[in-house]
Structures are given as structure tokens and as C-alpha cells.
Amino acid sequence: MDPSELLPILVAGLIAILAIAACLRVRRIAARGLRLLLVGVTGVLAVSATVVAAASIYFYVNYTRHLGPLGSPDQQHVAITTYTVNDGTGSDQAEVAVRHVWSPYAHRVYAGPAQYEPNAATPEPELHWIDNAHLQIVYHAYVPADGATRPSHSEGQGCAHAADGVMIHCVENRVHAMK
């Protein structure tokens with residue numbers, strides 16, 4: 001798991017801790033009505049943030065898979081591929097994000113259907129650094145078995161043009177879906 005993916009969980013955990021501390025602190029307020037109101041608000045905030053953090057951890061552990069980060073030739077940027085594996089539905093999703101190696105924030109540059117195979121020789125989508133500032137993403141666009149063409153964005157696929165000083169070049173391979 002990339003540090004950029006841990007950031008939302010850490011923020012929710014921090015909010016939960018601060019809300020619990022505030023809940024304990026507002027119990028000292030003398031005015032009963034104000035005290036009850038603030039205890040209720042901070043309590044709801046603490047429970048909500050805890051539920052969000054726990055649900056995020058559960059989701060990441062059970063439904064996401066990760067490929068190792070792919071560093072640029074100059075090692076200044078890294079491309080991260082995350083798969084959301086939907087067991088039972090037959091529909092896996094992939095996201096590719098780019099970030100500077102020292103930044104905890106990643107910018108999503110690709111999202112769309114994919115096929116997760118843990119030991120595949122060529123993962124889908126396939127990433128290649130052309131040079132220090134250009135990343136190529138080769139992905140599949142699934143065409144219905146009847147041959148009708150639909151724009152790839154209607155299926156949830158999308159590719160950004162640039163992020164964090166890196167130009168993104170997307171290459172679409174059309175694949176016919178099975179009947």
C-alpha cells in the first residue's frame with residue numbers, strides 16, 4: 001500500500017482522536033445545556049470518524065491489490081497501480097496515480113476496468129516511463145460482443161493528460177468482450 005493511500009485513513013483516525021479528546025474536555029463545561037450539546041456533537045464526530053477509518057481499512061485489506069510502484073528513470077516520480085477486486089462480479093477496476101517521491105499526495109491519472117492477475121508477465125493497464133516526464137499507459141477498452149462501439153468514458157475509463165509535472169500518454173487497445 002502506498003503512503004498516499006494511507007493518508008485518508010490517518011486523517012480519519014486523527015479526527016476521531018481529537019473528537020474523543022474534545023468530548024472528554026467539554027464535560028467540564030458548567031452550563032448543562034451547552035455541555036450536553038457539545039458532548040453529543042463531539043461524540044457523533046468521534047464515532048463517525050472511527051467508522052470511516054475502520055471501513056476504509058476493511059476495504060483496503062479485503063478489496064484492493066497493489067503492484068509495486070514504478071519509478072521514473074530519474075527516480076523523482078513514482079506511478080502507483082491499485083486494483084479494486086470485485087470478487088464474484090467479474091469486474092475489476094484499476095487506478096493509476098502519479099506522485100513525487102517525497103510527496104504523500106498522489107494524482108490519479110487513469111481509472112477504468114482492468115483484469116487483475118497477481119503474477120501476470122504484463123499487468124493491465126501496462127505502464128512505461130518514456131522519459132523522466134512522460135508516462136505511457138496502455139489499457140484495454142472493452143467492445144461489446146455485437147461489435148457496436150461505445151466511447152470508453154461511458155464504461156468508466158478515463159485518462160488524464162498531465163499530473164504533477166508528468167505528461168500522460170494513453171494508448172487504448174480495443175478488446176472484444178466475450179458473449
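This is a predicted model: local features need pLDDT of at least 70, side-chain atom pairs count only at pLDDT 80 or more; totals for chains, interfaces and linings use all residues.

Trainee: How many disulfides does a search of the whole structure find?

Mentor: The search turns up one disulfide. C159 is joined to C170, with an S to S distance of 1.5 Å.

Trainee: Which strands do C159 and C170 lie in?

Mentor: C159 lies in strand β8 (residues 158-159) and C170 in strand β10 (residues 166-176), so the pair ties together parts 11 residues apart in sequence.

Trainee: And what's the relative accessible area of C170?

Mentor: For C170 the value is 31%, so this cysteine is partly exposed.

Trainee: OK, switching to rings. How many aromatic pairs are there in the whole structure?

Mentor: Searching the whole structure gives four aromatic pairs. One of them is Y58 with Y63, edge-to-face, at 6.3 Å centre to centre and 70° between the planes. Y63 counts as partly exposed because its relative accessibility is 31%.

Trainee: Which residues do ring pairs link into a cluster?

Mentor: Y58, F59, Y60 and Y63 are linked that way.

Trainee: What about Y110 and Y139, how is that pair arranged?

Mentor: Y110 and Y139 are tilted, 5.1 Å centre to centre with 40° between the planes. Y110 sits in strand β5 (residues 107-114) and Y139 in strand β7 (residues 134-143), so their pairing ties together parts 29 residues apart in sequence.

Trainee: Buried or exposed, Y110 and Y139?

Mentor: Y110 is buried, and Y139 is too.

Terms used. Residues are numbered from 1 along each chain as its sequence is written. Side-chain values use heavy atoms; hydrogens and water are left out. Rings of Phe, Tyr and Trp (its six-membered ring) pair if their centres lie within 6.5 Å; planes under 30 degrees apart count as stacked, over 60 as edge-to-face and the rest as tilted. Buried means under 20% relative accessible area, exposed over 50%, partly exposed in between (1.4 Å probe, protein chains only). Helices (H or I, at least four residues) and strands (E, at least two) are DSSP runs, numbered from the N terminus. A disulfide is a pair of cysteine sulfur atoms within 2.5 Å.
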